[in-house]
Amino acid sequence: MVKIILVSHGNMAQSLLETASQIGSFDISEIPAFSVSGKGDLESLPQKLLNALGKNGTLILVDTLGGSSCNTAVQATQHLKNVKVVCGVNLNMLLSAINNREKMDLTDLTRKVLEDGKKSLIDISDKLK
Amino acid sequence: MICFTRVDNRLIHGQVVQGWLPKIKAEKVLVISNQAAQNTLMTKMMRMSLPPNYALEVIEPSKAKENLEKENKKVFLLVEDLKQLDEVVNSGIVLQEVNIGNTKYEEGKKEFSAGVYFNSEDLQIIAKLKNKNIAFSIKALPTSLEAKINV
């Protein structure tokens, strides 16, 4: 199973995880959610990420490109082979990652999560016209 | 020409791109960081997160004067920490105002504002630079409440 990790500014990672657990069926304790906004959070993030990595690949979902969450996750894992960092996480992406993490390897899972994320952005008002 | 100076150990990140750049008429971001100047991955990431209409250069503090002297663009000067800011000022760059956005948290540092921590060495640098008529404002974002430093 591919390990999923969330990293964000503020409470987004934790809240996104809690929200996802109200929709999807999974054990919330399997997915670490880290913030970069508290005292010392950014400095301790690299070690926390390394400690949380999975044996069969790790997909780190971060909130935004260019944010400290993304920058630090990329730098902390740059030399690791079986880790991918994807930015712009939303609820659909997290649910997609959770639902597919057992049946796909890291490469396929990453592709699937990105695809589902892109598919989730819809001007629904326009569609319903 | 420098139009804005900020001390921020996170360098180019959300607060800079989303919060400050839209409020400042800069054409280029000049990052002063010994660490980032040596790190191509960091530079690549910063280039990706900075909107393409801004120029970007990442250099060591020792190269700031030479770089700024030949610069025609309006520069957002983004310095990693107070030590390197001090180095830039010592090299002969004249600054009037410096915004402090984020500083690295380390054991023994005191919190002055969310994300801003100083030790006695930092406070000494601030006091020294204040004597050179540099005004400091501690603010994460343009809309943040300013924190006061009494040194």
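In what order do the four strands of the open sheet in chain A lie? In this predicted model, the order is E2-E1-E3-E4, and the strands pair in parallel. Strand E2 (33–35) and strand E4 (83–87) of chain A form the edges, each pairing on one side only. From one strand to the next, the twist averages 20 degrees.

Strand E3 of chain A, covering residues 58–62, is joined to E4(A) by five bridges, and the two run parallel. Within this pairing, A:Leu59 has A:Lys84 of E4(A) as its bridge partner.

Helices also pack on this sheet. Helix H3 of chain A (residues 68–77) touches strand E1 (3–8) as well as E3 and E4 of chain A, and its direction makes about 165 degrees with that of E4(A). Helix H5 of chain A (residues 106–119) lies across E3 and E4 of chain A, and H5 runs at about 5 degrees to E4(A).

Turning to contacts between helices, two packed helices are described by the angle between their axes and the distance between the axes. For helix H1 (residues 12–21) and helix H4 (residues 91–100) of chain A, the angle is about 65 degrees and the axes are 10 Å apart. The crossing of H1(A) past H4(A) is right-handed. On the H1(A) side, the residues in contact are A:Leu16, A:Thr19 and A:Ala20, which meet A:Leu91, A:Leu94, A:Leu95 and A:Ile98 of H4(A). Sorted by class, this contact comprises six nonpolar residues and one polar residue, with no charged residues.

Notes
Residues numbered from 1 in each chain as written. Chains lettered and ligands numbered in written order. Predicted model: local features only at pLDDT ≥ 70, side-chain atom pairs only at ≥ 80, totals over all residues. Pairing = 2+ DSSP bridges. Axes fitted to C-alpha atoms, helices over the stretch in contact; angles between N-to-C directions. Contact = placed C-beta atoms within 7 Å. Left-handed = near helix turned anticlockwise from the far one by under 90°. Nonpolar A, V, L, I, M, F, W, Y, C, P; charged D, E, K, R; others polar.
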